[in-house]
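Thanks for asking me to look this one over. Below are my notes, in numbered points, for reading with the model open beside you.

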Amino acid sequence: MNLILLSIKNVLAKPLSSLLSMLLFGFGVSIIVLILLVGSFLKSEITKNAQGIDLVVGAKGSPLQIILASIFHIDYPTGNISLRDAENLTKNRLIASAIPLALGDSYKGYRIVGTTQKYPELYDVSLKEGKWFEKEMSAVVGAAIAANLQIKIGDPLASDHGLSADAGGHEDRPFTVAGILKPSASVLDNLILVSVASVWEVHSEHEEDHLEMEAEEMVQLEHLGLEITSEQLATQDITALLIKYRSPMAAVQLPRIVNGTSNLQAASPPYETARLFNIIGVGVNVVNILGIVIVVLSAGSVFIALFNSLKERKYELAIMRAMGAGRAKVFSLIMAEGLVLTTIGSFFGFGLAHLGFFMLGSSVGKIQSSGLFFVMDEYYVMSGSLVTGILASLMPALLAYGDDISRTLSKA
């Protein structure tokens, strides 16, 4: 009989013991793989969504909070900054471009971002259908939102004040859907884009005041890509600026200029995201250690299962030897049984990890994760699990190899 088939038959002969060993081994592997998947996915998403952004400028507060709110849209903004301060900053020769963001409202839990067309251009995202938010109170909807909420061109969107779903507050001034973005696997899939002026319009207290401002002389803010009235320049706020440096020297000088000589706060995406990973790295390491401990314990379980099986099958193995099976074949049989246990356990662990990763993304809702997301480090985990299986099987196999068949048969 084929050695692998025989080893599988021997494993199935002890179903409960074998199942326990495989499950325990699989759970340990799944913890390690799941941590690898989540960590690699987060790093990939952070790199992708922070592309082209060298610095974020917002209101005084936590730099990390500014990054999370302005780039990844998963935290509350630290506050608003005056439009005049933002315009003065963008005149600095160290800045190549600046994209304004006006945050604070939402629609059914999805954030509304007042900005310019340079924002979707930053992610190289184009329209699937419709037009850009050229007119005031028009909106462009991310692909995931359009799919989840079944939104179509021309639909009204009554925004909620703040970031809580169904908070209400702006029912009298709804946006109109002018366009829908193509899927991009970026943060834009879960955002609603409008003009900065539209955000101001929603929050203006009197429509008469707005009509008066329309008659005023318009001011062109070339650095921000906005055309506004002089009254708006003096009184309006935005939430943040996404800045691209003109030269490497700006990385040294500009944050110090912003933080030291203005009411603004500069936040560096690379530095803050690295700090974020350092913060969560301790917890990740603890969970990884837990996974390794479980794998080691499960390897001990495999060793005990094989050792007990060896004691019960000494006569059977001695008969095999007497019928012509060499020591090497008996050794290989025990090793194969250990590898069968750990291989099946490993595949169970990998499948469980990818299923858990998919379910984690589905439960969060705004994270588009797939169970088919793989990382290179998984190959190292698989290799390590097989080596662990070999080590767990080695001692029982050596005992079977060195067994004295004449003494075993004489005791039968």
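**Notes on the predicted model**

1. Starting with the surface, the protein chain exposes about 20,500 Å², and carbon and sulfur atoms supply 61% of that area. Accessible areas here come from the Shrake-Rupley method with a 1.4 Å probe, and for residues only the protein chains shown count as cover.

2. A word on how to read the values: this is a predicted model, in which local features need pLDDT of at least 70 and side-chain atom pairs count only at pLDDT 80 or more, while totals for chains, interfaces and linings use all residues. Residues are numbered from 1 along each chain as its sequence is written, and side-chain values use heavy atoms, with hydrogens and water left out.

3. On the overall build, the protein chain has 15 helices and 15 strands. These are DSSP runs numbered from the N terminus: helices are H or I with at least four residues, strands E with at least two. Of the 412 residues in the protein chain, 46% are buried; buried means under 20% relative accessible area, exposed over 50%, and partly exposed in between (1.4 Å probe, protein chains only). Among contacts in the protein chain between residues at least 6 apart in sequence, 78% join residues at least 24 apart, where contact means heavy atoms within 4.5 Å.

4. Which residues have the most contacts inside the largest nonpolar core? They are L83, L89, L157, L241, I243 and L254, in a core of 44 residues. A second, separate core of 29 residues includes L64, F72, V125 and V187. By nonpolar core I mean a set of buried Ala, Val, Leu, Ile, Met, Phe, Trp, Tyr and Cys residues joined through side-chain atoms within 4.5 Å. In soluble globular proteins, nonpolar side chains tend to be buried together.

5. Now for the rings: the whole structure holds four aromatic pairs. Y119 and Y123 make one of them, edge-to-face, with 5.8 Å from centre to centre and 85 degrees between the planes. Both partners are buried, Y119 at a relative accessible area of 0% and Y123 at 7%. W132 and F133 form an edge-to-face pair too, at 6.4 Å centre to centre and 90 degrees between the planes. W132 counts as buried at 19%, and F133 is buried at 5% relative accessibility. The rule is that rings of Phe, Tyr and Trp (its six-membered ring) pair if their centres lie within 6.5 Å; planes under 30 degrees apart count as stacked, over 60 as edge-to-face and the rest as tilted.

6. How many salt bridges does the structure hold? There are two, using the criterion of a side-chain nitrogen of Lys or Arg within 4 Å of a carboxyl oxygen of Asp or Glu. Side chains of opposite charge can pair when their charged atoms come close. K48 bridges to E45, with the closest N and O atoms 2.9 Å apart; both lie in helix α2 (residues 15-49), three residues apart, about one turn of the helix. K48 is partly exposed at 25%, whereas E45 is buried at 19%.

7. The other bridge joins the side chains of R275 and E272, at 2.9 Å from N to O. These two sit in helix α11 (residues 269-312), three residues apart, about one turn of the helix. R275 is partly exposed at 32% relative accessibility, and E272 is buried at 5%.

8. L163 is a loop residue to look at, between β8 (160-161) and β9 (175-181). Is L163 buried or exposed? At 16% relative accessibility, L163 is buried. Neighbours within four places in sequence aside, L163 contacts D75, Y76, P77, G104, D105, S106 and R111. L163 and G109 are 54 residues apart in sequence, with 6.4 Å between their C-alpha atoms.

9. Finally, two helix residues. I344, in helix α13 (residues 327-364), is partly exposed at 44%; I344 and L23 are 321 residues apart in sequence and 9.0 Å apart in space, C-alpha to C-alpha. T388 belongs to helix α14 (residues 377-401), and not counting residues up to four places away in sequence, T388 touches F25, V295 and A299.
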